[in-house]
Amino acid sequence: IDYIRGQLATGFLTDGNTAAFNAYAAQVQNKSSIANSYNNIAYGWAQQDERLDEAEKLSKQSLDIVTEKMKHPEASPFMSVKSMQKQNKDVYNMYADSYAFILYKEKKYDEALKYQKEVYTDNKDNDPITNEHYVLILNALGKYAESKDVIEGAFKAAKVSPALTTELKKAYVGLK
């Protein structure tokens, strides 16, 4: 039943019916089952520059849910506690990346940097999206030297996106 309530809540949220969403989300007992939906919907809104206030709240909720799971990891039928800790940290980084991107879109650059820097540091195999979000925030704060280093590292690792090329130009102009 919890799963069904979560799916209904997610469906109502996707359709923009926040009253029905709130009613069903309040009934979900295992909040971690809907945290991914919160994150995905919030990130989608941020990509479209829509409902950023709501996106920030949803994304923060997903972070809070996984943070609680990190504090109290439990073994599952196919995973040890140690494996769950690693998985929870990976999920936290994914949600933190989304949250930082939303904060960036809201022009809350300093707060965004706090989350994104942790994600970038934790992610040894930085993917192009993580790099891109980190660089966007660094350039918005005028930290062009740091941005340039991140972009050049991404180029060397062949983990580039078109946005990184654009941001590299901004970093070079900012440094000159």
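Which residues do ring pairs link into a cluster? The cluster consists of Tyr43, Phe101, Tyr104 and Tyr109. The model is predicted, so that local features require pLDDT of at least 70 and side-chain atom pairs pLDDT 80 or more, while totals for chains, interfaces and linings use all residues. Residues are numbered from 1 along each chain as its sequence is written, and side-chain values use heavy atoms, with hydrogens and water left out.

The secondary structure of the chain comprises nine helices and zero strands, where helices (H or I, at least four residues) and strands (E, at least two) are DSSP runs numbered from the N terminus. The order along the sequence is α-α-α-α-α-α-α-α-α. Along the principal axes, the C-alpha atoms occupy a box of roughly 60 × 40 × 25 Å. Of the 176 residues in the chain, 38% are buried; buried denotes under 20% relative accessible area, exposed over 50%, and partly exposed in between (1.4 Å probe, protein chains only). Among contacts (heavy atoms within 4.5 Å) with a separation of 6 or more, 55% involve residues 24 or more positions apart.

The chain exposes about 9,800 Å², of which carbon and sulfur atoms supply 53%; accessible areas were computed by the Shrake-Rupley method with a 1.4 Å probe, and for residues only the protein chains shown count as cover. There are 23 positive and 24 negative side chains, and the centres of the two sets lie 4 Å apart. In this count Lys and Arg are positive and Asp and Glu negative, with His and the chain ends not counted; each charge is placed at NZ of Lys, CZ of Arg, CG of Asp or CD of Glu.

Seven aromatic pairs are present in the structure. Rings of Phe, Tyr and Trp (its six-membered ring) pair if their centres lie within 6.5 Å; planes under 30 degrees apart are stacked, over 60 edge-to-face, and the rest tilted. Tyrosine 104 and tyrosine 109 form a tilted pair, with 5.7 Å centre to centre and 45 degrees between the planes. Tyrosine 109 is partly exposed, at a relative accessible area of 22%. The pair of tyrosine 120 and tyrosine 134 is stacked because the ring centres are 4.5 Å apart and the planes stand at 20 degrees. This pair links distant parts of the chain, with tyrosine 120 in helix H6 (residues 109–122) and tyrosine 134 in helix H7 (residues 128–140), 14 residues apart. Tyrosine 120 is partly exposed at 22% relative accessibility, whereas tyrosine 134 is buried at 3%.

The largest nonpolar core contains 41 residues, and those with the most contacts inside it are Phe21, Tyr38, Leu58, Leu63 and Tyr115. A nonpolar core is a set of buried Ala, Val, Leu, Ile, Met, Phe, Trp, Tyr and Cys residues joined through side-chain atoms within 4.5 Å. Leucine 58 touches Leu13, Phe21, Tyr38, Ile41, Ala42 and Trp45, with residues up to four places away in sequence not counted.

Leucine 164 belongs to helix H9 (residues 162–175) and is buried, with 1% relative accessibility. Beyond its neighbours within four places in sequence, leucine 164 contacts Asn131, Glu132, Val135, Ile151, Ala154 and Lys159. Its C-alpha atom is separated by 12 Å from that of aspartate 127, 37 residues apart along the chain. Glutamate 152, in helix H8 (residues 144–156), is partly exposed at 25% relative accessibility. Glutamate 152 and leucine 164 are 12 residues apart in sequence and 9.4 Å apart, C-alpha to C-alpha.
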